[in-house]
Amino acid sequence: MTDRLIYLDNASTTPLRKEALDAMMPYLTTEFGNPSSLYPMGHHAENAVAEARDTLASLIGAKSSEVFFTSSGSESDNWALKGFAHANKGKGNHIITSAIEHHAVLHACQALEKDGFEVTYLPVDAEGLVRPADFEAAIREDTILASVMMANNEIGTIEPIAELAKIAHEHGVAFHTDAVQAFGHVPIDVDEMGIDMLSSSAHKLGGPKGVGLLYIRRGIKVDNLIDGGQQERGRRAATENVAGIVGYAKAAELAWNEMDAEHDRQLALRDHAIKRILAEIPHSKLNGSWESRLANNVNFSFEFIEGEGMLLQLAAKGLCTSSGSACTSGSLDPSHVLLAIGLPHEIAHGSLRATIGRDTTMEDIDYMVDSLAATLRNLRMMSPLYEDFERGNYDSIIAGYAADGMKNVHA
Ligand SMILES: *Cc1c(COP(=O)(O)O)cnc(C)c1O
């Protein structure tokens, strides 16, 4: 074991930023009023929520009246899909999404199927991109809604959202995007991109856990998911998470101010990691696209190893990484995203996601790659499959199909 702790799992959550905590503190202590109350302390809380809403709306080019706070990215996705589907079922009952969405979208779609809606789960190409031609071909007379994520949480692929939204609108279909991973990392303008609904979550960008937002374009009809009081203009009941909302806006504001510089810095770290792994670790394959990829995402498959053993050995070296998504770790099923980009089960199981954050340094990246190389050498020495391969009794899967430049097949 080591005292070193290197956190490379920023796609699963991020540390709360100091500035966000400072902004939250009054609302966790002295300013504890309920925003619905009529005395001054209530007004202070109400004003803080209103200000946070203005900030977040302006960052994405929305009106404040189009931004609704929720408890999470998962709630926002559920609200967008279920709320829209039920409010618009008179117009049709078909929904289009992609096979690589977060479970909050996929499982909401499955719930809608039980309610009588039909859902098309679009396949993606080998880099995880939805093909616009496939998207257009899937649209039917009765299609009411499409939901495609802005950036994937496992392999970092950035989808052609503006192009897909344009196609959707040409056919009178509304467009939702799960922007939880993209928010704060890439510029977003809901008008320019043609987005009708957008989900985001604070804890993925340096804000607190348990607060999200759903942008709903004016004129888009969405049924309530949470009924009760008149909060959020009667659209989403529950006493506001005042401190969380304030911390969310602070973290988002900082992320937008620092976006260009931080993007370039993280991109250099990412590409250093990718190039070193491809050069130094045999039987490795970069998953996802290299060009259309979040600057903080590194995702590799390694042949002849088993992912859990790799993650545990890395954890013993102080490295916090994941196999792809927090939702699939702890289960033996390979990631639905890696299967959707065409990885066979054997190598989908041996995958690693390292996601860079604001605190990550070049030294951290070098330590990660050094540790990974040593770990894989160890694991392969113990692997019967690797022994077979070395004896010439087994063919490398990665050698067979991955695109050149994205794989290392040299021993
Ligand atoms: C994390 C995540 C969510 C869920 O957000 P929570 O706030 O954790 O519920 C949804 N979609 C994507 C792409 C995510 O990465």
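## Charged pairs

Start with Asp-134: its relative accessible area is 25%, so it is partly exposed. In this predicted model, the side chain of Asp-134 meets that of Arg-131 in a salt bridge, with N and O 2.8 Å apart. Arg-131 has 37% relative accessibility and therefore counts as partly exposed too. A search of the whole structure turns up 21 salt bridges.

Another one joins Arg-140 and Glu-118, at 3.2 Å from N to O. Arg-140 sits in the loop between helix 5 (132-138) and strand 5 (143-147), and Glu-118 in strand 4 (residues 118-122), so this pair ties together parts 22 residues apart in sequence. Arg-140 is partly exposed at 32% relative accessibility, and Glu-118 is partly exposed at 37%.

Over in helix 8, Lys-250 and Glu-253 are three residues apart, which means about one helical turn separates them. They form a salt bridge whose closest N and O atoms are 3.8 Å apart. There's also a network of salt bridges linking Arg-17, Glu-19, Glu-258 and Arg-358.

## Nonpolar cores

The largest nonpolar core holds 64 residues, and Phe-135, Met-150, Phe-183, Ile-188 and Leu-198 have the most contacts inside it. Helix 8 (residues 242-257) supplies the largest share of this core, with eight residues. A separate core of 29 residues lies apart from it, and includes Ile-6, Leu-269, Ile-281 and Val-298.

What does Ile-188 contact once its neighbours within four places in sequence are left aside? The list is Leu-59, Ile-60, Met-150, Ala-179, Phe-183, Met-193, Leu-198 and Trp-256.

## Aromatic pairs

The count of aromatic pairs comes to nine. Take Phe-68 and Trp-79: their ring centres are 5.8 Å apart and their planes are at 75 degrees, so the pair is edge-to-face. Phe-68 belongs to strand 2 (residues 67-70) and Trp-79 to helix 3 (residues 73-87), so the pair ties together parts 11 residues apart in sequence. Both Phe-68 and Trp-79 are buried.

Phe-304 and Tyr-394 are edge-to-face as well, because their planes are at 65 degrees, with ring centres 5.9 Å apart. This pair links distant parts of the chain, 90 residues apart: Phe-304 is in the loop between strand 10 (297-302) and helix 10 (307-316), and Tyr-394 in the loop between helix 14 (384-390) and helix 15 (397-401). Ring pairs join Phe-304, Tyr-386, Phe-389 and Tyr-394 into a cluster.

## A patch on the surface

Leu-16, Leu-21, Met-25 and Leu-28 make up a nonpolar surface patch, with about 330 Å² of accessible area together. Leu-16 is found in the loop between strand 1 (6-7) and helix 1 (18-28), and at 36% relative accessibility it counts as partly exposed.

Key:
Residues are numbered from 1 along each chain as its sequence is written. This is a predicted model: local features need pLDDT of at least 70, side-chain atom pairs count only at pLDDT 80 or more; totals for chains, interfaces and linings use all residues. Side-chain values use heavy atoms; hydrogens and water are left out. Patches are made of residues with over 30% relative accessible area and no salt bridge: like charges are joined within 9 Å, nonpolar side chains (Val, Leu, Ile, Met, Phe, Trp, Tyr) within 5 Å. Accessible areas come from the Shrake-Rupley method with a 1.4 Å probe; for residues, only the protein chains shown count as cover. A salt bridge is a side-chain nitrogen of Lys or Arg within 4 Å of a carboxyl oxygen of Asp or Glu. Helices (H or I, at least four residues) and strands (E, at least two) are DSSP runs, numbered from the N terminus. Buried means under 20% relative accessible area, exposed over 50%, partly exposed in between (1.4 Å probe, protein chains only). A nonpolar core is a set of buried Ala, Val, Leu, Ile, Met, Phe, Trp, Tyr and Cys residues joined through side-chain atoms within 4.5 Å. Contact means heavy atoms within 4.5 Å. Rings of Phe, Tyr and Trp (its six-membered ring) pair if their centres lie within 6.5 Å; planes under 30 degrees apart count as stacked, over 60 as edge-to-face and the rest as tilted.
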